Amino acid sequence: MSKRILITGGCGFIGSWLVDRFINPLPPLTLQGLNPQIKDAYQRCLGDDASEYTIHVLDNLSTGTIKNISPISDNVIFTQADVRDAEFVDKAVEQCDMCYHLAASVGVQNILNNQVDMLSTNIEGTENVIKSCLKHNKLLILASTSEIYGDSGKNDILVETDDPCLGNPQVARWSYAYSKIADECLASAYHRELGLRVIICRFFNTIGPRQTGEYGMVLPKFISSAKAGEQITVFGDGKQSRCFCDVDDVTLRLRLFPYLEGHKFSTENEFSYPCWSGDPIGEVFNVGNIKGYTTINDLAQNIRAWTKSDSVIVHMKYDEVKRIYGAGFVDIKDRRPNTNKIDSLFPQIPYNNIKHLIKEMCK
Ligand SMILES: NC(=O)c1ccc[n+]([C@@H]2O[C@H](COP(=O)([O-])OP(=O)(O)OC[C@H]3O[C@@H](n4cnc5c(N)ncnc54)[C@H](O)[C@@H]3O)[C@@H](O)[C@H]2O)c1
């Protein structure tokens with residue numbers, strides 16, 4: 001039976017790798033000792049015939065590019081459209097079997113310079129997708145972000161149940177987080193009150209090829225500066241840290257999620273690993289890699305070494321950063337995901353080595 005998958009933002013960084021996940025075979029997984037429900041989900045997913053899928057990519061190409069999905073294979077359909085076009089979104093959702101909603105305005109520069117556009121894309125666009133998924137009873141996998149946790153100022157490992165510590169909404173920098181919080185609130189309310197089938201994924205600093213530094217993403221910016229022999233600019237003292245996760249790890253989990261719908265996982269089972277209890281529908285999951293932890297100083301130094309660059313690493317004071325990016329700029333000190341909940345669903349799937357990935361990207 002053929003299946004049609006709608007991926008909004010499918011020409012972007014994560015979206016285009018998700019398209020690839022559907023048109024390429026999955027890696028083999030160790031199934032031994034797995035909870036039977038999860039094993040069954042893996043097996044059904046592994047047994048999928050890629051040729052039975054049609055992937056509909058909907059993207060307005062604002063930050064994404066058609067090159068990311070080129071050459072376009074026979075089972076991929078691309079439409080240049082905007083998620084704020086409710087009528088178009090509704091038709092696309094009606095025709096699909098399920099939807100991944102990744103389209104959003106992202107990147108520090110983009111967010112600070114195009115506030116109104118960002119807010120309408122991230123809130124109005126998402127509400128359109130949510131309403132149509134409810135109307136046509138389609139499963140929705142919704143992209144959220146670790147940004148919604150804000151900045152507690154402490155070195156915290158963030159759990160899905162933590163309260164956000166966000167700044168003043170008058171400060172431009174926070175509006176992206178508030179827009180994604182609005183998305184989560186909408187999705188959760190539509191789930192609780194009206195039965196929307198949704199899974200919310202909070203991504204933590206996803207990295208990999210195709211990510212562009214153009215809109216302020218730190219890793220591609222450092223790599224391109226190092227390769228060009230230009231100075232690598234670290235904000236503040238560089239002691240702030242991030243946890244990077246390979247996009248390959250993210251898309252594999254996104255690909256498997258739909259197969260877990262309706263399963264009730266229980267902590268009371270015969271299996272030895274700790275298991276989160278519940279049905280993934282209506283739930284929020286951190287998606288990240290705790291082992292991908294690094295300070296920004298270490299990141300800059302490693303990238304300079306791995307690109308064999310002579311670039312100078314310069315520390316820019318936050319006053320100067322604000323002069324360039326606007327007074328709304330705020331840097332987060334530390335951000336690490338607790339991934340116990342998602343790891344309970346996918347206990348046998350390892351995370352790729354982040355140092356290895358960054359070294360490869362430096363070649
Ligand atoms: N990359 C990360 O580290 C990260 C972290 C947290 C959350 N996220 C979330 O993951 C999703 C994908 O992010 P990404 O890193 O791939 O970014 P990206 O910019 O590469 O992808 C976003 C895509 O959405 C498209 N888009 C933007 N506005 C649109 C609109 N109005 N209508 C239709 N398409 C539109 C863009 O052209 C682009 O192709 C986003 O929802 C983002 O908030 C990403």
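For what follows, Ala, Val, Leu, Ile, Met, Phe, Trp, Tyr, Cys and Pro count as nonpolar, Asp, Glu, Lys and Arg as charged, and the others, Gly among them, as polar. The structure I am presenting is a predicted model, in which local features need pLDDT of at least 70, side-chain atom pairs count only at pLDDT 80 or more, and totals for chains, interfaces and linings use all residues. Residues are numbered from 1 along each chain as its sequence is written.

Let me start with confidence. pLDDT is the predictor's confidence in each residue, on a scale from 0 to 100. The protein chain has an average pLDDT of 90, and 94% of the residues score at least 70. Over residues 268–272, however, pLDDT stays under 50, and the model has three contacts beyond four places in sequence for this stretch; a contact requires C-beta atoms, placed from the backbone, within 7 Å. Where pLDDT is low, the predicted coordinates should not be read in detail.

I turn to the sheet. Helices (H or I, at least four residues) and strands (E, at least two) are DSSP runs, numbered from the N terminus, and two strands pair if DSSP finds at least two bridges between them. Seven strands form an open sheet with parallel pairing, in the order S3-S2-S1-S4-S5-S7-S12. Its edges are S3 (76–80) and S12 (284–287), each of which pairs on one side only. On average, neighbouring strands are turned by 20° against each other, direction ignored.

H6 (residues 175–194) touches S5, S7 and S12, and its direction makes about 150° with that of S5. H1 lies across S1 (3–8), S2 (53–59), S3 and S4 (98–101), running at about 170° to S2.

H1 also brings us to the ligand. A residue is near a molecule if its C-beta atom, placed from the backbone, lies within 6 Å of it. There are 28 residues around the ligand, and Gly-9, Gly-12, Gly-64, Ala-104 and Thr-145 come nearest. Two or more residues each are given to this shell by H1 (13–23), H5 (115–135) and S5 (139–145); H1 gives the most, with three. By class, the shell holds eleven nonpolar, 14 polar and three charged residues.

Next, a helix pair. H7 (residues 218–227) and H9 (residues 296–306) pack at an angle of about 35°, their axes 9 Å apart. The crossing is right-handed, a term used where the near helix is turned clockwise from the far one by less than a right angle, anticlockwise being left-handed. From H7, Val-218, Phe-222, Ile-223 and Ala-226 meet Ile-296, Leu-299, Ala-300, Ile-303 and Arg-304 of H9. That contact comprises eight nonpolar residues, no polar ones and one charged residue.

Finally, two backbone details. Ser-70 and Pro-71 are joined by a cis peptide bond with omega of about -5°, and Pro-71 lies in the loop between S2 and S3. Asn-137, in the loop between H5 and S5, has a phi near 55°, a positive value in a residue other than glycine.

Definitions and conventions
Axes are lines fitted to C-alpha atoms, for helices over the stretch in contact, and angles run from 0 to 180 degrees between N-to-C directions. Two residues are in contact if their C-beta atoms, placed from the backbone, lie within 7 Å.
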